[in-house]
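Take a moment with the sequence and the fold before reading on. We will go through them one place at a time.

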Amino acid sequence: MFSLRLPIPIENTLITPPPKSNNNNTYNSSLCAHSYSSYSHSQTNRFLTVRNVALQKNGNSVGDSKDTMMQPFPEELNAEPLPRHVAVIMDGNGRWAKMRNLMPSAGHQAGAEALKEMVRLCASWGIKVLTVFAFSTDNWVRPKVEVDFLMSLFEKTINSEIDVFIREGIRISVIGDASKLPSSLIRMIKYAEERTKENSRLQLIVAVSYSGKYDVVQACRSVAKKVKDGILDLEEINEGIIEQELETNCTEFPNPDLLIRTSGELRVSNFLLWQLAYTELYFDGALWPDFGKEEFVEALSSFQQRKRRFGGR
Ligand code: FPP
């Protein structure tokens with residue numbers, strides 16, 4: 001199916017970072033970016049390297065120049081209702097790796113491949129927003145080697161996919177607390193966001209160094225500052241005002257219709273706490289790297305059987 005494969009990359013090959021932007025120091029902590037660096041597009045147009053058996057499972061980019069991105073709409077599903085916004089807690093990478101006597105990094109690498117497939121399916125089937133929990137504010141306590149690997153993986157994956165995103169009409173946005181992220185990753189994010197900001201087929205929101213509590217706190221700070229600066233009256237604060245300050249203000253559809261969590265855990269683990277208020281929850285036993293088309297169709301099918309009432313009758 002994916003006939004044209006990108007060269008298999010080699011792990012730990014350095015990415016030439018984009019040049020430092022002049023305004024790097026003024027970049028605010030939110031990654032749902034509004035200011036950008038300006039390194040040239042050709043700088044990303046090179047093959048990156050990641051050595052891993054996991055990559056060879058699919059070994060392809062999200063879009064493939066021969067096959068394009070389109071995947072036929074599954075017969076098992078109805079055209080309506082489809083979730084406009086799907087959120088995913090991509091859990092189980094570590095266990096996937098452990099079962100194969102591999103390091104956690106191999107699980108994350110395989111997880112990145114599963115994500116590419118998910119992006120392909122969402123774009124093909126008309127889902128408008130896909131938000132994925134890639135790294136929680138609580139994940140910083142993991143071993144440094146794993147954290148470093150993940151940061152590098154995010155950067156490499158964004159870099160390797162950006163041409164496809166541009167070609168296939170996919171907008172990428174990153175939310176979370178950027179203050180601890182490597183500067184090269186921040187520059188890559190800014191660049192990718194800028195290059196894809198006009199795209200509207202699918203918006204991929206990647207939550208990195210994100211948590212729901214963090215998001216509510218930073219929104220409260222923004223609202224409080226507006227009150228302090230006389231831009232807003234205390235009495236004007238309502239749900240809409242708070243929502244405008246949440247990091248999901250980068251999308252037209254901030255509240256997920258469907259949340260999928262893999263690996264059998266039945267928790268929301270500090271993900272989009274405010275935004276999940278009326279989200280349909282779906283838990284799957286598959287480990288994230290094994291979550292593919294079949295499993296996604298099951299999740300969508302379950303969604304189509306739900307009756308959403310939003311508090312009404
Ligand atoms: C949770 O599994 C997963 C993560 C902490 C990382 C998820 C990251 C990816 C899937 C890569 C995504 C790539 C991009 C570019 C966004 P776990 O390690 O907690 O699994 P475990 O519970 O089995 O140990």
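Which side chain meets that of Arg-95 in a salt bridge? Glu-265 does, with 3.3 Å from N to O. A salt bridge here is a side-chain nitrogen of Lys or Arg within 4 Å of a carboxyl oxygen of Asp or Glu. The two partners are 170 residues apart and link distant parts of the chain. Arg-95 sits in helix α2 (residues 93–98), and Glu-265 sits in the loop between β5 (258–261) and β6 (280–283). Helices (H or I, at least four residues) and strands (E, at least two) are DSSP runs, numbered from the N terminus. The structure has 17 salt bridges.

A word on the source: this is a predicted model, where local features need pLDDT of at least 70, side-chain atom pairs count only at pLDDT 80 or more, and totals for chains, interfaces and linings use all residues. Residues are numbered from 1 along each chain as its sequence is written, and side-chain values use heavy atoms, with hydrogens and water left out.

Now look at the ligand. Around it are 18 residues, each with a heavy atom within 4 Å of it. Asp-91, Asn-93, Gly-94, Arg-95 and Arg-142 come nearest. A polar backbone atom of Gly-94 is 3.0 Å from an oxygen of the ligand. For Asn-93, the backbone distance is 3.2 Å. Taken alone, the ligand exposes 620 Å², and the protein buries 88% of that. Such areas come from the Shrake-Rupley method with a 1.4 Å probe.

Two spots in the backbone deserve a look. Most residues other than glycine have a negative phi, and most peptide bonds are trans. Asn-101 is not a glycine, yet its phi is positive, about 55°. Asn-101 lies in the loop between α2 and α3 (104–125). The peptide bond from Glu-80 to Pro-81 is cis, with omega near -10°. Pro-81 belongs to the loop between α1 (53–58) and β1 (85–89).

Technical notes
Polar contact = N/O pair within 3.5 Å; in protein donor to acceptor, adjacent residues only side chain to side chain.
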